[in-house]
Amino acid sequence: MALEYLAQQAHEQHLDQAFSRKEQMMMRALCRLKMSDRVLYIGAHPDDENNKLLTFLAQHQLVDTAYLSVTRGEGGQNFIGTEKGLDLGVLRVQESLAARAIEGTKQFFTRAKDFGFAKSVDETLARWDENGVLADMVWTIRYFRPTVIVTRFSPDVPDSHGHHQASAILAAKAFDLAADPSAYIEQLSELEPWQARQLLWNVYQDSGVKDIGGEVRPLPAYFSLDIPVRHGSLDFHYGEIAAESRNRHRSQAMGSLVRHQPSTEYFELLKGTPISSEKQPAIFTQYTAQDSYSLVFNRLVDDLIAKCESDTEELVLELGTILFWMRIVPNGHVIHEKRAEVERLLLDFAGVSLEVQAIEELWVPGTEVNMILNAHIPSESNLQLTTVKVPFIRNGEQKDFTLSPSKTIHLNGQLLDTILPSFPTWLSAEGDAHNYAPASPADVVLTQFGTELSVHLELQFAGLPIAVKLPVKHAAGPVAVAPPVTATFDSDIVVLSNATKRSIALELQSNVSESLSIKVKLTLPDGLDVFPKEIELNIAGNATEKLSFELRSPAQQEYIQEIGFEIETAAGRYPFTSRSIVYPHINQLTYFPKGILRVLNLPVNITAQKVAYISGMNDELAGSLRQLVGHLEIIPFESIGGIDLSDFDAVVLGIRIYNSHPLITGFHQLFRDYVEQGGVLIGQYNTPYDLHLTEVGAYPLAVSPERITDTESHISFLNPSHRILNYPNVIGQHDFQNWVQDRALFLPQKWASDFEPILRGQNGDNRTEDGLLLLHKKGKGYYIYNSLSLFRQLPAGVAGAYRLFANMLSLASR
């Protein structure tokens, strides 16, 4: 019956209830062997995918399905942690991989960076390396070889986010270029041109993606695909799987509820073979093999499906017969792509279980590492383990095993000195603000984190070799390769403001068990000096040490530079810090970038001496403000009521505080009293999404989705003589240079007449926006609502942002 199901282009039909669930799952796995269709779904960001459609294709129609996200979402918000920029991209890659694992699909990316919200497709394509991104998309198509490509967005319908439409425009070009043998010929040494059958637009409806339009109004050009609630007999609830997958995007607050009703997906043919009405229901499962080898393979699989009620030992023998037959199939034939899947099924049906567990979660090159290979190979399976190779340790090969049905094999050895610390390959080609610069598309398309740590096994089945690669895992997640010692600066930026020296703390972490003799020094650009020049010490095994240096700058001019460090051991020199992505909804990941500290030499004045910072949602701005303010006190939200605000010259509310703590409205009277007595209260941006209030602020105003994303857009001063633009620092146009990602976000559109707008900007639609910086004078003090992206600019070392924030803090004379 399952065979008939596939022959009818993978339409679901009820499996006979006489079959057990195990038999049904075996039939389903065998049915997948006959499927040669592949679908590549393309969107702009990691959370743009249609999870229910991907789930349906992979789990119902048994189609090999992948999602290509043009970016890694580096420019998004982070609703669960402090990662931002490139580190946020790493987090969102982990979320994407977790989502794909739930759906049973694959994941690809390109070199394009998410540089933040873009109003138009022109703005997007002006910043992305179009030729480079196309090279990555073409490489992906030639590598994955989809029969159908589906875009989340339309190349012809303008979208409120420029990245969206741009992803579809590039997909349409890549659809043609992938088949052109004269395009990206450097790829043809390892790949071949590939022509997908159709390019479709998945006409969006209520997909859960912000910035996407409303319900679909079916047009004659559209055709539809109905998705049932669940699989007829296996109890796969497609809505549940899709919701669980979508909920992996927690950094973007992309929670999704389970939908317990059938749904309909709409499509429009953009390019490729016309689709007749009778073929529309089977659009994704139309591939039919015609050559004799494929027909024989399908008949062999048919015989297996017919025997699913047989003893599994007989099924294993039949799978072995298929593997022997495949040896006569010419090299390069598409049938060989099924070999690994046939081998996997043979091992599964034979009851074989293999895994490699690392004892330690952190490995250091040149040190002893310990693993355990747990091998369960039933004696009646006719399988024998003959060779174990561990390519990343010295003399890492064992042979001639005599196995009982279950055996534990200890794999120990010295990790090769040539193994580099774990690090995402795409970050190795950091590029510029808008694109990575990989040596090869594979470095950015595929998700790799350095040297592959896999144990290679060879088994024999009746004289037939079967190769197995087992990734080494630890209970906490993938094993990380670490340098012997890492170090971390105590802040991301240090500001030399009207001072020529500042103390810098560097915390060392030993990653080896024995004591090490090391030398530590800072690596400095011209114009900076440090004392001491170098520190020698012995650090105990797995211990931490904290060092202090005094940074000096004799120069008076304004500049920003980067400094690093170098830790010298007997084994080499190491400039690495440690980063860990640890959240319950994804696999833990540890990686080791170079440690960097930004140094901003900045002439800046400030009169505020004592400032309170009430943290918002995963807010790191306080770390930058410490460089500006003599005394900064961080106040947890739950402690607001017990604090005497009159002790402070200014009080700053963290970003998105009304989103994360809507009960803050209960302190509005406290804030108003503070302002009227002469304090400065500074509010920062809040999003209209997930906001349970109609207005925000101690003196309310209404926020909107409007943003200014052009960091070079002109800023006008509506009242050039106002104190906030002149004291204690004179603010000019130069203070709005070198900004990163955006100018302002979620701008207020409505405010009371008591507010005075200070700055005017222009958004991507050439409309003026006056809600960038709003002042409300009340009694002796001021309430300021700031929508400028100062929370990005200060950590990035933008000098003008520091001067403007200093003026805001110094606005009232107390």
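Analyst: Two strands count as paired if DSSP finds at least two bridges between them. This is a predicted model.

Start with β39 and β42. Strand β39 covers residues 755-757, and strand β42 covers residues 773-778. They pair in the antiparallel sense over three bridges. Phenylalanine 755 stands opposite histidine 776 in β42.

Now take β42 and its pairing with β43. Strand β43 spans residues 781-786. Six bridges join β42 to β43, again in the antiparallel sense. Histidine 776 also has a place in this pairing: opposite histidine 776 stands tyrosine 783 of β43.

The turn comes next. β42 and β43 form a hairpin, with two residues between them. Glycine 779 lies in that turn and has a positive phi of about 60°.

As a general point, strands of a sheet pair through backbone hydrogen bonds, either parallel or antiparallel.

A second case is an open sheet of four strands. Its order is β18-β20-β24-β22, and the pairing is antiparallel. The edges are β18 (485-489) and β22 (529-531). Each has a single partner strand, so one side of each is left without a neighbour in the sheet. From one strand to the next, the twist averages 35°. Within this sheet, β20 (residues 501-510) and β24 (residues 544-552) run antiparallel and are joined by nine bridges. Arginine 502 stands opposite leucine 551 in β24.

Now the helix contact. Helix α4 (residues 86-103) and helix α8 (residues 238-246) have axes that come within 8 Å and cross at roughly 165°. The cut-off for roughly antiparallel is over 145 degrees, so α4 is roughly antiparallel to α8. The crossing is right-handed. On the α4 side, Ala99, Arg100, Ile102 and Glu103 take part. They meet Ile241, Glu244 and Ser245 in α8. By class, the contact has three nonpolar, one polar and three charged residues.

Last, the loop residue. Threonine 711 lies in the loop between β35 (707-708) and β36 (716-717). Its relative accessibility is 14%, so threonine 711 counts as buried; the cut-off is under 20%. Leaving out residues up to four places away in sequence, threonine 711 touches Arg127, Phe736, Trp739, Val740, Gln741, Asp742 and Arg743.

Methods:
Residues numbered from 1 in each chain as written. Predicted model: local features only at pLDDT ≥ 70, side-chain atom pairs only at ≥ 80, totals over all residues. Heavy atoms only, no water. Axes fitted to C-alpha atoms, helices over the stretch in contact; angles between N-to-C directions. Parallel < 35°, antiparallel > 145°, perpendicular 65-115°, else oblique. Left-handed = near helix turned anticlockwise from the far one by under 90°. Contact = heavy atoms within 4.5 Å. Nonpolar A, V, L, I, M, F, W, Y, C, P; charged D, E, K, R; others polar. Buried < 20%, exposed > 50% of the residue type's maximum accessible area, 1.4 Å probe, protein only.
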